[in-house]
Amino acid sequence: MSTMWHGCLADTDYFELRSSGGRDYGVWVTTPPGYDPTTAPAPVVYVLDGNWTVGLTAPLIVTQQDPMQKIKPYIQVSVGYAGEEAEHWTRLRNRDLVPPGEPVAQEFLDAVETGVQAGVTTREQADAYTAELRDTRGDAFLSFLTSELHPRIHRDHGTATSGHGLFGYSYGGLFSLYAWLTGTALFESVGAGSPGVVGEDSQVFAQLDKMGDSLPSAQIHLTVNDRELLGDLPVYQNLAKNAATVLHRLTASGANVTSEVLRETHLTGLQASFLSYLRTCRAL
């Protein structure tokens, strides 16, 4: 059945789900055109930061009908925040998408302070934004995705039993790296767009040191933007540099990793990064 959510997203249903930890999430489920789970159940691609990303990524579900480069069928599940919390998604994501114990880089704090000085954000908003980084719970959010949300999606939408993917961008990309490094069995491919590995003391490097050459078999696709690396903002310069370091270490260890440098800024790179993930990890 083709539906429109609030008149703008075709083939998309929306519902809200409270986690076992008492957090409320908004969930958009976009199915391929003409999807029939009884004859050809499709796997799921989970996309993070749904309040921002759903409008830029969900319409790309039509790539499955592109005659020039076909993409394997998938159901997109975009995960964000519901109700009044949707207004505060930019700070709540800090709590959910950052691995527990992740240090806060000074360059990141400097960027937030620059926003205050420029009048882009208020002192109160900036303090609330950084406060969420004092007790980050990427582990709890990963458990919610795999143990609570996915069973419901599988039950209600008749998904395939394998072939699922995860895509995140910026701090969502950091979460994707974290989920991949923990060896989460649900995801057979992971997209990490401009992952927010801002500091050299990131938990990502600690995880890599601990794992050595025993890396997950799932494919991971990492993208960065040339304007992050070549621009004059230290927070993005460090992000791109550290992402390259992660890539080099994964490549040297024989991981199933692919990558692409995109001609975008940090803000404009989301859609291009998602397309890069689809073309690389989910092409027929």
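Axes are lines fitted to C-alpha atoms, for helices over the stretch in contact, and angles between N-to-C directions run from 0 to 180 degrees. Helices (H or I, at least four residues) and strands (E, at least two) are DSSP runs numbered from the N terminus. The structure is a predicted model, in which local features need pLDDT of at least 70 and side-chain atom pairs count only at pLDDT 80 or more, while totals for chains, interfaces and linings use all residues. Residues are numbered from 1 along each chain as its sequence is written, and side-chain values use heavy atoms, with hydrogens and water left out.

**Helix packing: α7 and α9**

- The axes of helix α7 (residues 203–211) and α9 come within 11 Å and cross at roughly 10°.
- That angle makes α7 roughly parallel to α9 (under 35 degrees counts as roughly parallel, over 145 as roughly antiparallel, 65 to 115 as roughly perpendicular and the rest as oblique).
- In the contact (heavy atoms within 4.5 Å), α7 contributes Val204, Phe205, Leu208 and Asp209, and α9 contributes Asn242, Thr245, Val246, Arg249 and Leu250.
- These residues of α7 and α9 comprise five nonpolar, two polar and two charged (Ala, Val, Leu, Ile, Met, Phe, Trp, Tyr, Cys and Pro count as nonpolar, Asp, Glu, Lys and Arg as charged, and the others, Gly among them, as polar).

**Helix packing: α3 and α4**

- Helix α3 (residues 106–117) packs against helix α4 (residues 123–131) at an angle of about 160°, and their axes lie 9 Å apart.
- With this angle, α3 is roughly antiparallel to α4.
- The two helices, α3 and α4, cross in a right-handed sense (a crossing is right-handed if the near helix is turned clockwise from the far one by less than a right angle, and left-handed if anticlockwise).
- On the α3 side the contact is made by Phe108, Leu109, Val112, Glu113, Val116 and Gln117, and on the α4 side by Arg123, Ala126, Tyr129 and Thr130.
- Six nonpolar, two polar and two charged residues make up the contact of α3 with α4.

**Helix packing: α1 and α10**

- Helix α1 (residues 50–57) and helix α10 (residues 269–281) pack at about 65°, with 10 Å between their axes.
- The crossing of α1 and α10 is right-handed.
- Trp52, Thr53, Leu56 and Thr57 of α1 meet Leu270, Gln271 and Phe274 of α10.
- The contact of α1 with α10 has four nonpolar and three polar residues, and no charged ones.

**The largest pocket**

- On a 1 Å grid over the protein atoms alone, a pocket is an open set of points with protein on both sides within 12 Å along at least five of seven lines, whereas a cavity is a set of points where a 1.4 Å probe fits but cannot get out; lining residues have an atom within 4 Å of a point.
- The largest pocket has a volume of about 1,300 Å³ (grid points are joined across faces, edges and corners, and a volume is the space filled by probe spheres set on the points).
- Of the 39 residues that line this pocket, Phe108, Ala111, Val112, Tyr129 and Tyr236 are the closest to its centre.
- Two or more lining residues come from each of α2 (89–97), α3, α4, α8 (226–230) and α9 (234–252).
- Helix α3 gives the most to the lining of the largest pocket, with seven residues.
- The lining of the largest pocket has 19 nonpolar, eleven polar and nine charged residues.

**Cavities**

- The structure holds two cavities of 30 Å³ or more.
- The largest cavity has a volume of about 80 Å³, and its lining includes Phe108, Leu133 and Tyr171.
- The second largest cavity has a volume of about 40 Å³, and Leu48, Arg93 and Phe141 are among the residues that line it.
- Strand β6 supplies the largest share of the lining of the second largest cavity, three residues.
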